[in-house]
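Reader: Hi! Could you walk me through this one with me?

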Amino acid sequence: MMGFFSIFALPRSRTAWMSNWLTTDNSTCLHEFSNGAKDGLWDFIQSIESDFVGISEPGLEALDYIPSDVLMTFPMVIIKQDAAFSFKKCLSAWPSIYSGENIRNVLKNILNQWSDVLDKLSQCENCKTFYEHDLNDLNVLSEIWEYLLPDIKHNKLRTKLLMEIDMSVKYRTIDQGYQMIKRQKETISAIRSMPWEWA
């Protein structure tokens, strides 16, 4: 089996940037790969011809399709960010989507619940936790790289060049935003029913 790795964070925590950064000639890192779909995704991930395959997720939908024994075996990184700060950045990035009070409250509740689950995941033995505001530190990025891609040399010059690039995901329509919120509510319901002994 290929070397698998996972990154989990709250939205607006640079997971899109990290997926590009961790994709090389010998590694593939998928960003928001589930995007509402679940059936067959793990089989597809295993079919990718790459020495390392990972996911970089600003949410928890991947918990629905990645087997728990896989998540608990291979390297995992949690990018920590305060839920209130993530909420403010979401409002700033998508003001038209979160213009109503009801949907803002839904988002706030989801982020708080996600934050609790991320705290629980961070206690796993195969998990390392870093803070979003430290991702501009080359030493921190080197530590993440060496943990997730131990057999691939970290090209620090490439990393420095990529650090100058903004790679943000933006929803172009209100409907896309509402569909995203709907998926996250469904995911939270599924997570509540999960056996958390492995966490």
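This is a predicted model: local features need pLDDT of at least 70, side-chain atom pairs count only at pLDDT 80 or more; totals for chains, interfaces and linings use all residues.

Reader: Great. How do the axes of H4 and H5 cross, and at what angle?

Author: Helix H4 covers residues 83-93 and helix H5 covers residues 101-121; their axes come within 9 Å and cross at roughly 140°.

Reader: Is the crossing of H4 and H5 left-handed or right-handed?

Author: Right-handed, as H4 passes H5.

Reader: And which residues meet there?

Author: From H4 you have Ala83, Ser86, Phe87, Cys90 and Leu91. Facing them in contact from H5 are Arg104, Leu107, Lys108, Leu111, Asn112 and Ser115. The residues of this contact divide into 6 nonpolar, 3 polar and 2 charged.

Reader: Nice. Switching topic: how many cavities of 30 Å³ or more are there?

Author: The count comes to 2.

Reader: What's the volume of the second largest cavity, and which residues line it?

Author: Its volume is about 30 Å³. The lining is made by Leu10, Ile79, Lys80, Gln81, Ser115 and Leu118.

Reader: Which elements give two or more residues to that lining?

Author: Strand E4 (76-80) and H5 do. Ser115 of H5 turns up in both topics: it is in the contact with H4, and it lines this cavity.

Definitions and conventions. Residues are numbered from 1 along each chain as its sequence is written. Side-chain values use heavy atoms; hydrogens and water are left out. Axes are lines fitted to C-alpha atoms, for helices over the stretch in contact, and angles run from 0 to 180 degrees between N-to-C directions. Helices (H or I, at least four residues) and strands (E, at least two) are DSSP runs, numbered from the N terminus. A crossing is left-handed if the near helix is turned anticlockwise from the far one by less than a right angle, and right-handed if clockwise. Contact means heavy atoms within 4.5 Å. Ala, Val, Leu, Ile, Met, Phe, Trp, Tyr, Cys and Pro count as nonpolar, Asp, Glu, Lys and Arg as charged, and the others, Gly among them, as polar. On a 1 Å grid over the protein atoms alone, a cavity is a set of points where a 1.4 Å probe fits but cannot get out, and a pocket is an open set with protein on both sides within 12 Å along at least five of seven lines; lining residues have an atom within 4 Å of a point. Grid points are joined across faces, edges and corners, and a volume is the space filled by probe spheres set on the points.
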